[in-house]
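Please open the model in a viewer and keep the selection panel at hand.

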Amino acid sequence: MACTLLDALDPGTEFRMSPPPYDEMRADDGGVRAHYRAFADWMDRTTPEHIAQKRGEAERAFHRVGITFAVYGEDAGTERLIPFDLVPRIIPADEWETLEAGLKQRVRALNMFLNDIYHEQAILKAGVIPPERVLGNEQFRHEMAGMKVAGGIYAHIAGVDVVRAGAGEYYVLEDNLRVPSGVSYMLENRKMMMRLFPELFATRSIRPVQHYPDMLLENLRAVSPHGEEQPTVAVLTPGAYNSAYFEHAFLAQQMGVELVEGIDLFVQNDTVYMRTTRGPQRVHVIYRRVDDDYLDPLAFRPDSQLGVPGLFAAYRAGRVTLANAIGTGVADDKSIYPYVPDMVRFYLTEEPVLNNVPTYMLHRPKECEYALAHLSDLVVKEVHGAGGYGMLIGPAASKAELEAFRQRILAAPHKYIAQPTLALSTCPTFVDSGVAPRHIDLRPYVLSGTDIDLVPGGLTRVALREGSLVVNSSQGGGTKDTWVLAR
Amino acid sequence: MLCRTANELYWMARHIERAENTARLLDVTYRTSLLPYQMQDAGLGWADPWAVPLITSGLATAYYERFSGVSTESVLRYMILDSANPSSIFCCLRAARESARSVRGAITSEMYEDLNGAWIDMRTYDYDRIESGGFSDFLDWVKMRSHLFRGVTFGTMLRDEAYHFIRLGTHIERADNTARILDTKYHILLPSVTDVGGAVDYYQWQSLLTCVSGFESYRKIYSDVITPHRVAELLVLRDDMPRSLHSCMNFIYETLDLLCDQHSAELSRQAGELHARLHYGRLDEMMDFGLHEYLVDFLERIAGLGGEVSRVFLVPTN
């Protein structure tokens, strides 16, 4: 299915509040946590009128600049804003260090896994992951088997969704390795905060994120097919009607590279060219924001209007690099997710720094039995589902829904996984009645190319409705600036 | 620059210019329709002043396929608001804004915001609102939005390829439109030969000049009565008159000179030839040849030039 901004922003709707959730700003005794103290003091000194005025200013600025996403199914050209909240999500230096180490470790292992399964398949031979889980996976691209990709890197850009639960421990909820989106909001949110409240940044304790486009370009250049000195990089977009088009245009412009659509490219002698007013110009690296299925009508979906005929042949010939590679979906599939900690152990001989959410794999009879007995406490996900489709949220489901799902699980247990419901952490947020806690998640963007790196920060999404755990932009979700504090 | 980007920029400029010229054409029609006018042959639809903008814009066939007769309202609706007429002001602004949106990285944010604003305003107009506010008010608004966009472009944009394609689009469209507007007067507005040189004739020439913002310039240059020869000289041959064919060809020729290389020699040659005809052309020869014939020939050549621009730069085949 087409990966859109809305789908990609889907956080997993399953986390439900049973114990009191961890509050990012306030400790259990109500006192402000140390890393929020400077901000809390500023809030105390600032009048509500001033804040209200700034909120209006932010909204107008986002509209004028056109930081919008298209809404499908409405009049063509309908564009909406994703609400922006002024209270930042703040991460203290030591927590970030752990997160950073864990994210790098995880993405390194995931790239090694992808390289392995498309070549030697050592992890399958060692029996760490049952071969049929990988080879029989719809997301496994047999076309990629044995193919060499530049630098052995598959997921150049990974958007790893992280949540906090219980007493504040971090969990990885999902590894997005296909075409993760949302990074433009991370950058625009920071720009907006600095414009509205420059005084907050005066202490220079907030680490900058604005070099992300430079870092991205550097990483993309590093994976050019033959190590060309001046490779031409382009961003491939499905077009102006795609919901994330703003982001595609934004990243191309920030990197100073062309934003191309399928029709702008053609392939001759296994070489990709852009049609320019000065004649054909070779393209070496394509940061593609088009799904695998639509990339090349000759190799994949023949009805695709978005792709470039012959692109896959050029890719296979090693004449162009695609970022991300084709076939990364197998590594972020929900049926593979439970094995990621094992991948870390297998490839890196290290213990994983970041936790997975405990997951029951229902093809294992014991776990299936347990899950069926506790269905009303669990979240059940279809393994190949995305965007919240095919999901059961046990505590919120009716008896009939539970029963229907039970039958579906019994019919095909290998298609499902189950997880306990966790309470997402909350962060103070401006709402109609003032400031109140709302649930949040975090998506940092991990880049692989020269090395593995990420800017200190990410996109924090917030569920604006009270008690809601849905941070989806289509369902009342908003975003916040994310501050990582310097030591 | 990507061909698609150049294509969008070129058509963005053409659509804005077309919206402006359509407004000018409707304005002159409106003024002319207020003059004392007697239909010589009541049965002839084309003799109605409101048929003129349709014929001039090459839309008469498409119009008569959907409507049986002309009236002020039906023509104004068709030319201003009709979403099925790709040359209506509504469609032109929509197309220009869509083009700008799809290549917004290639233009300045001021340009996008200006065009976006024009489109947002356009969507608030319906026929009743235009009628109650006065047609001239609305048509002036369209002209002003076009002036504003041109000003923002001129004032903010890097003089790169993108700028050149915008300028090329503007002047190819304008040359085409000026030729059409001028041709209108010569053959259509006065169905009866006996009217030539009469009072109605005079006022029609005056309206035509006003429509292309040439009336005041005419007064300054000639300080004399309006004659068809002088109008033709002003709008075809003089290069200090910004909407004249010669002036447009100067811009087109200069711009293509910057854009063309050895692969586009034929395009460069065509532009040079057409430019030379205006640069070295003589009024007497033109009038002897027949102004209408001259303009028809020019329209063919400018269309040919536009086609060549497309073939070379905008939608090349591999």
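**Stop 1: Chain B**

Select chain B of this predicted model and colour by secondary structure: the chain contains 16 helices and zero strands. Its radius of gyration is 20 Å, close to the 20 Å that the globule rule gives for 318 residues, so chain B is as compact as a globular protein of that length.

Next, consider the interior of chain B. What percentage of its 318 residues count as buried? The proportion is 46%. Among contacts in chain B between residues at least 6 apart in sequence, 69% join residues at least 24 apart.

**Stop 2: The domains of chain A**

Now select residues 5–355 together with 422–484 of chain A, which form domain 1.

**Stop 3: Where chain A touches chain B**

Display both chains. Their contact involves 18 residues from chain A and 16 residues from chain B. On the chain A side, select helix H3 (48–65), helix H9 (245–255), strand E7 (258–260) and strand E9 (271–276), the elements that each give two or more residues to the contact. Colouring this side of chain A by residue class shows nine nonpolar, four polar and five charged residues.

Definitions and conventions: Residues are numbered from 1 along each chain as its sequence is written. Chains are lettered from A and ligands numbered from 1 in the order in which they are written. This is a predicted model: local features need pLDDT of at least 70, side-chain atom pairs count only at pLDDT 80 or more; totals for chains, interfaces and linings use all residues. Two residues are in contact if their C-beta atoms, placed from the backbone, lie within 7 Å. Helices (H or I, at least four residues) and strands (E, at least two) are DSSP runs, numbered from the N terminus. Ala, Val, Leu, Ile, Met, Phe, Trp, Tyr, Cys and Pro count as nonpolar, Asp, Glu, Lys and Arg as charged, and the others, Gly among them, as polar. The radius of gyration is taken over C-alpha atoms; the globule rule is 2.2 Å times the number of residues to the power 0.38. A residue is buried if 20 or more other C-beta atoms lie within 10 Å of its own, exposed if 12 or fewer, and partly exposed in between; C-beta atoms are placed from the backbone. Domain bounds come from an automatic or database domain assignment.
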